[in-house]
Structure formats: structure tokens, C-alpha cells
Amino acid sequence: MQATVEWTGSGGMAFVAHADSGHGVVMDASPDIGGHNLGARPMEMVLMGLGGCSSIDVLMILQKSRQDVRACRVEISAERAEQDPKVFTVIHLQFFVTGKELDPRRVAHAIQLSADKYCSVSIMLGKTAKITHDYTILGID
């Protein structure tokens with residue numbers, strides 16, 4: 001796996017990142033350190049990566065267990081260390097899973113499997129942060 005991150009040179013702190021998959025994203029720093037708010041901050045990208053990785057795992061596990069999932073959203077809150085390097089120290093993922101007759105045990109199990117076994121981002125961040133999970137099931141008729 002490889003990625004390229006290149007400064008836009010626009011007199012600020014914006015960068016364009018490209019991944020092996022061919023997709024790109026814009027990242028920028030906050031205005032107080034020279035950014036222009038043109039993209040997500042790098043640490044926000046880390047949280048979004050965690051949410052994406054975990055959500056993919058949860059959805060795949062639930063689909064394999066024949067759960068009728070119609071939507072899945074995760075809201076992530078995090079705290080960072082006060083001193084440099086300002087690593088994440090606490091992260092909480094709140095999943096909202098919508099579907100028909102979803103089994104709460106299977107939802108909880110899918111989230112736990114992602115956290116403990118499958119989500120590389122979660123396992124990596126767990127080296128510096130206490131990561132917790134919760135879920136809400138939203139049923140449909």
C-alpha cells in the first residue's frame with residue numbers, strides 16, 4: 001500500500017493526498033496555523049478512517065449473518081493528549097444500525113468482532129487510546 005501527499009503550494013497548509021486506489025482527498029490545517037479550511041484536518045481523517053473501517057466490518061458481518069440492514073451510521077467522539085504528540089487517548093464509537101427485525105446480540109457481536117479482530121485502524125489506535133463502543137438499533141416496519 002502506498003500514498004502520496006503533496007502540498008498545494010497555495011500559500012497555506014493544504015495538501016492533496018492520493019491513494020493506490022486512485023482516489024484523492026484534500027487535507028488542510030486550521031486557520032490559526034496557516035490553513036484555509038479547504039479540507040479535513042489529518043487527525044479528523046484518522047477518525048473518519050476508523051469509522052469507515054469499523055462500519056465496513058460491521059456491515060459485512062451483519063450481512064453474512066443474514067441481518068436485514070438498511071442503514072448504518074457511526075458517530076465518533078475523541079479526546080487527545082494535551083501535550084505533543086497529541087495522540088488520541090479516548091475514542092467512543094456510537095453505531096446506529098437500521099433494519100428489519102435486527103438481532104441485538106448479532107449487532108453487538110459484529111461490533112465486538114470488528115473492534116477485537118478485523119478493524120486494523122481500531123487495533124492500531126487502541127495502542128494509545130481507550131476505545132469504547134455502543135449501538136442503537138433503529139427498527140423499520
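Which residues lie nearest the centre of the largest pocket? In this predicted model, they are Ala3, His18, Ala19, His23 and Val25, out of 13 lining residues. A three-stranded open sheet, with strand order E4-E5-E6, is a further feature. Helices H1 and H2 both pack on that sheet. A second pocket draws on H1 and on helix H3 (120-125).

**Largest pocket**
- The volume of the largest pocket is about 300 Å³.
- Strand E1 (3-7), E2 and strand E3 (24-27) each give at least two residues to the lining of this largest pocket.
- Eight lining residues of the largest pocket are nonpolar and five are polar.

**Ala19**
- Ala19 sits in strand E2 (residues 15-19).
- Is Ala19 buried, exposed or partly exposed? Ala19 is partly exposed, because its relative accessibility is 36%, which falls between the 20% and 50% limits.
- Beyond neighbours within four places in sequence, Ala19 contacts Gln2 and Ala3. Ala3 and Ala19 are also among the residues nearest the centre of the largest pocket.
- His109 is 90 residues from Ala19 in sequence, and the two C-alpha atoms are 31 Å apart.

**Sheet**
- The pairing in the E4-E5-E6 sheet is mixed.
- From one strand to the next, the twist averages 15 degrees.
- Strand E5 (residues 88-100) and E6 run parallel, joined by ten bridges.
- Phe95 has Tyr135 in E6 as its bridge partner.

**Helices on the sheet**
- Helix H1 (residues 42-64) touches E4 and E5 as it packs on the sheet. The direction of H1 makes about 40 degrees with that of E5.
- Helix H2 (residues 104-118) also packs on the sheet, touching E5 and E6. The direction of H2 makes about 150 degrees with that of E6.

**Second largest pocket**
- The second largest pocket has a volume of about 230 Å³.
- Its lining consists of Pro42, Met45, Val46, Gly49, Cys53, Val121, Met124 and Leu125.
- Which helix gives the most to the lining of the second largest pocket? H1 does, with five residues.
- H3 supplies at least two residues of the lining of the second largest pocket.
- By class, the lining of the second largest pocket has seven nonpolar residues, one polar and no charged.

Definitions and conventions:
Residues are numbered from 1 along each chain as its sequence is written. This is a predicted model: local features need pLDDT of at least 70, side-chain atom pairs count only at pLDDT 80 or more; totals for chains, interfaces and linings use all residues. Side-chain values use heavy atoms; hydrogens and water are left out. Helices (H or I, at least four residues) and strands (E, at least two) are DSSP runs, numbered from the N terminus. Buried means under 20% relative accessible area, exposed over 50%, partly exposed in between (1.4 Å probe, protein chains only). Contact means heavy atoms within 4.5 Å. Two strands pair if DSSP finds at least two bridges between them. Axes are lines fitted to C-alpha atoms, for helices over the stretch in contact, and angles run from 0 to 180 degrees between N-to-C directions. On a 1 Å grid over the protein atoms alone, a cavity is a set of points where a 1.4 Å probe fits but cannot get out, and a pocket is an open set with protein on both sides within 12 Å along at least five of seven lines; lining residues have an atom within 4 Å of a point. Grid points are joined across faces, edges and corners, and a volume is the space filled by probe spheres set on the points. Ala, Val, Leu, Ile, Met, Phe, Trp, Tyr, Cys and Pro count as nonpolar, Asp, Glu, Lys and Arg as charged, and the others, Gly among them, as polar.
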